[in-house]
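Hi,

Here is the structure I promised to pass on.

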Amino acid sequence: MKIGIDRLSFFVPNLFLDMTELAQRRGDDPAKYHIGIGQDQMAVSRVSEDIVTLGANAASKIVTEEDKELIDMVIVGTESGIDQSKASAVIIHHLLKVQPFARSFEVKEACYGGTAALQMAKEYIKNHPERKVLVIASDIARYGLASGGEVTQGVGAVAMMITKDPRILSLEDTSVFLTEDIYDFWRPVYNQFPEVDGPLSNSTYIESFQKVWNQYKAVTGRSLADYDALSFHIPYTKMGKKALQSVIDEADGVTQERLLARYEEAIVYSRRIGNLYTGSLYLGLISLLENSEILKAGDRIGLFSYGSGAVSEFFTGYLEENYQEFLFKEDHQEMLDSRKELTVDEYEEVFNEKLPEHGASAEYTSDVPFSIYKVADNIRYYKEN
Ligand code: CAA
């Protein structure tokens, strides 16, 4: 039975910051941000947006009335949780009006959470082929104003419907995963921003990719030549390229050219958004599918997922007939093009806004479909569509 991604979409807030402006304010050479890091713009969220609203807005594009009766699980992968106990998935389940006899929960392992959710969904559909699972990867990636990681911030969510006979990408069964207990990026519960060892995170990302890729080759006998494209977790767009370049010499010239060209197509959206943490790999996949004129049905794509701490996985899928018809290319590009550009002062002001804490109240207005309209008695109230 074929199982995989039947629909997928992303959502980002309608505010962004230009990286030239940020570099100049921070006293850096803009070329470092645009070329060295590979980021042109950064998505910025308002205080009335959180992982619930981002996830619900991403999912509302792909969830039909019929789906609401067929979804058995709503799984949210995130590392920007808003509650230590209650899962954001429960609120999203309510906002989307999914039938009540469903499981809703959150998955956490840094940026790997979305992939854990996806693989869990695939296993569930194997035993319940007539049902559907909604997987959401939703995060607000923040390192702090003028921090080392500021240039790699971002925000947004990706939603994926996992079904049998998927219309976009069928997932293959063999995958290789790896766990190593390290401290490259982590966020103790009392921290607003993560602790990060940038150089260690970069090197562990690349070494993890090499380890799972080498093991995958040993298990399957495949090589780079078997892939039409590789899609990477993209904390910043230069990162995946470094991992790809670290193994590219294994391939013949034609394969090298193909994989490097597809890589550029996979980072079109990330260059304008930044890091989505759990959603980054899947934003890259959407970018690849929506910006590649070369890919076609039957093409095989390899996906590398990396979550600091660290868990990584290499898995694969192939494109279904007419998959292009089920994408949201125009909508996504319009969403990016219609965003409002912030000055650095406005960005810093929005960044410093906080929701009230310890029972205090506040109310918000917003033109974003799902957003927070009130906080009171330690509860966030969400505007429904
Ligand atoms: N023109 C062009 N390029 C320039 C330049 C200029 N004027 N100045 C510097 N550069 C280049 C550097 O040569 C360097 O390139 P290489 O990496 O190819 O050598 C690049 O710009 C970055 O320069 P630095 O290493 O000096 O940058 P930095 O010290 O500011 O740190 C960072 C960069 C480590 C990514 C930091 O932003 C960071 O800590 N980010 C958060 C952590 C992160 O994203 N890690 C990635 C792996 S972890 C992961 O994937 C999980 C996750 O999502 C967090």
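This is a predicted model: local features need pLDDT of at least 70, side-chain atom pairs count only at pLDDT 80 or more; totals for chains, interfaces and linings use all residues.

Residues are numbered from 1 along each chain as its sequence is written, and side-chain values use heavy atoms, with hydrogens and water left out.

Searching the whole structure turns up 20 aromatic pairs (Phe, Tyr or Trp rings, the six-membered one for Trp, with centres within 6.5 Å; planes under 30 degrees apart are stacked, over 60 edge-to-face, the rest tilted). Y143 and Y277 have ring centres 6.4 Å apart and planes at 75 degrees, so they pair edge-to-face. Y143 is in the loop between strand 6 (132-141) and strand 7 (154-164), and Y277 in the loop between helix 10 (268-273) and helix 11 (280-291), so this pair ties together parts 134 residues apart in sequence. (Helices, H or I of at least four residues, and strands, E of at least two, are DSSP runs numbered from the N terminus.) Both Y143 and Y277 are buried, meaning under 20% relative accessible area (1.4 Å probe, protein chains only).

W213 and F314 are edge-to-face too, 5.3 Å centre to centre with 70 degrees between planes. Ring pairs also link Y205, F209, F232, Y263, F304 and Y306 into a cluster.

Finally, R142 lies over the face of F351, 4.2 Å from the ring centre (Lys NZ or Arg CZ within 6 Å of the centre and within 35 degrees of the ring normal).

Cheers

Note on methods
Buried means under 20% relative accessible area, exposed over 50%, partly exposed in between (1.4 Å probe, protein chains only).
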